[in-house]
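Please show me the protein, and then let us go through some questions about it.

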Amino acid sequence: MNYLSAELVAKTYNDRWLFKDVSLGISQGDKLALVGNNGVGKSTLLKILTGEIQPDIGSVSVRQGIRIGYLTQQPDVDENLSVKDILFSDSNEIAKTVKDYEECIHHPETSAERMQSVLLKMEELNAWDYENKVHEVIERLGVPDIDKKFGELSGGQKKRIFLAQLLLQEPDLIIMDEPTNHLDLSAIEWLENYLSGQSITLIMVTHDRYFLDTIVTEIVELDRGQLFRYKGKYAYFLEKKAEREELLRIEVTKARNLLKKELEWMRRQPKARGTKAKYRIEAFHELEKKASQDLKKDKLELEIKEARQGGKILEVEHISKSYGTVKIVQDFSYVFKKNDRIGVVGKNGIGKSTFLDMLTGRSKPDKGFIMPGLTTKFGYFRQESVGLNPANRLIEEVKEIAEFITLSDGSQVSASKFLDIFLFPPEKQYNFINKLSGGEKKRLQLLKLLVTNPNFLILDEPTNDFDIDTLNVLEDFLEKFSGCLLLVSHDRYFMDHLVDQLFVFEGDGKIRLFNGNYSDYRTWVDENEESSPNTAVAETPNERRKVVSDTSRKPSFKEKQEFEKLQEEIELLEKEKEQLTKSLNSGMYDHLQLQKLSREIKNITDTIEQKTMRWLELGEIM
């Protein structure tokens with residue numbers, strides 16, 4: 001059953017076509033992801049599908065009786081409304097009854113007569129299933145107190161409320177713009193599982209690559225004003241996109257070569273041409289249109305010089321921090337080492353950003369000491385677009401830091417050229433900052449941070465508002481970055497590729513150190529929940545690996561040789577794993593080759609694990 005159809009839709013922006021002659025159909029059970037670079041018109045297309053804005057050309061039709069739910073990036077609502085007023089629509093009798101029930105149980109002074117009346121209404125409408133769903137959605141998405149005023153909430157809390165409202169409305173077709181922004185990892189995983197349900201039909205804009213792999217059945221790319229559909233997962237999309245772009249390059253090259261010959265023919269012909277020649281003239285104009293396609297794709301390039309890093313980087317000794325009775329950090333110590341690549345995970349509001357502020361000196365711990373090295377130079381990328389003067393032009397904002405910027409190869413470029421590298425062409429550099437989009441402000445914020453040549457990068461949710469291509473470039477840069485990296489991100493794909501250790505905020509001030517990336521951590525949590533459901537605190541892999549050995553005896557000559565050999569073998573295996581991982585992410589292989597690469601990586605990972613455990617055992621004896 002077809003739910004929605006867009007026929008030959010077109011839209012202009014600032015006297016240029018965002019897209020033209022775009023057609024799209026969404027049928028029951030479809031799960032589509034709309035992808036493309038920042039600024040190509042993805043959000044605009046979603047707004048056209050929902051009827052929020054009208055196309056300049058074309059039409060959108062929705063099947064009669066189909067209800068559409070739309071999650072926008074910037075919802076507009078009365079700031080004085082309470083959370084419960086937004087969550088529960090009075091037009092839905094069941095929702096209104098559940099709202100009354102929630103009010104009763106949240107207010108102890110409610111009279112027995114009113115409570116009894118509401119309970120009877122709940123029974124009459126069989127509203128208990130809906131009430132259970134309300135509690136699940138509110139709890140899983142971290143919706144705050146339902147009596148709070150909307151205007152008192154943070155931007156992230158507001159986004160979660162509108163997501164909860166959308167899910168509770170149970171629309172036939174869900175349309176979402178970046179649904180994972182401002183959600184913590186546990187909420188994202190729950191939402192992923194919810195949206196994977198067979199009865200859900202949706203189209204969404206997202207840069208979350210695990211979301212693309214787990215949920216969607218088809219990826220729709222908006223590129224150069226056209227739509228391209230790929231029936232498959234993210235890896236399949238990358239493969240077919242590369243094939244399409246290569247085919248386009250060949251066609252345009254042929255068209256340009258043929259155009260030269262046809263141009264000579266056009267110039268030789270007399271002005272009064274016969275009917276037969278008109279076909280060739282029309283074909284010439286079609287050829288001219290194909291040959292004039294711009295194949296150049298702007299790509300962000302990150303090549304920045306790093307400040308020299310000394311032996312001492314950052315020492316944290318027994319720090320504690322509380323707000324009233326709420327413990328943020330309790331007696332935490334860590335010595336940061338060169339090439340540390342650490343992810344920070346935990347629920348929203350648990351204190352991750354406060355912890356980062358303490359490390360960088362923006363706030364002080366209640367107890368303990370934080371001692372940075374003399375050569376340590378922080379680069380702190382925060383969630384908010386802080387440090388940008390909205391009254392400045394782009395070029396002025398960068399020149400306030402430096403007129404010339406040193407790149408990784410030692411060469412210097414002007415502030416204007418550096419802006420161009422960051423996809424701000426000369427014609428944009430004199431725009432005021434308050435006119436930039438959210439993604440452009442984030443890119444400028446990243447630019448300003450890297451200009452200072454940091455050797456300790458702290459990134460707090462850097463993936464919000466960036467398109468997939470920009471994220472891939474940022475990943476490549478961070479993989480080569482030789483300084484310390486501390487990363488807070490809800491993007492599991494991004495986290496898995498960049499970190500090998502986690503600080504897990506577990507609540508009540510406790511921070512657990514975990515060796516491995518986020519997927520390793522989730523596997524460990526699942527294993528411990530299955531094997532020890534009644535155990536309050538399970539041991540970490542580090543604790544499991546502790547080997548009880550007789551340290552009183554001396555190692556044999558053979559054990560010493562084995563110990564040294566294992567070190568070399570583990571290093572070689574790590575390099576081999578790194579090469580295979582790069583191949584896996586290159587987008588150059590079909591799905592069968594990708595499966596083979598994945599199996600090889602798993603086998604090598606298992607071998608590294610076995611050899612590492614033996615190496616640790618011998619290390620105890622050493």
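Some questions and answers about this model follow.

Author: This is a predicted model, in which local features need pLDDT of at least 70, side-chain atom pairs count only at pLDDT 80 or more, and totals for chains, interfaces and linings use all residues. Residues are numbered from 1 along each chain as its sequence is written, and side-chain values use heavy atoms, with hydrogens and water left out.

Reader: What is the bridge partner of A33 in β8?

Author: Two strands pair if DSSP finds at least two bridges between them. Four bridges join β3 to β8 (residues 218-223), and the two run parallel. The partner of A33 in β8 is I219.

Reader: How many residues apart in sequence are E475 and R209?

Author: A salt bridge is a side-chain nitrogen of Lys or Arg within 4 Å of a carboxyl oxygen of Asp or Glu. The side chains of E475 and R209 meet in one, at 2.7 Å from N to O. E475 lies in helix α15 and R209 in helix α8 (helices are DSSP runs of H or I, at least four residues), so the pair ties together parts whose separation in sequence is 266 residues.
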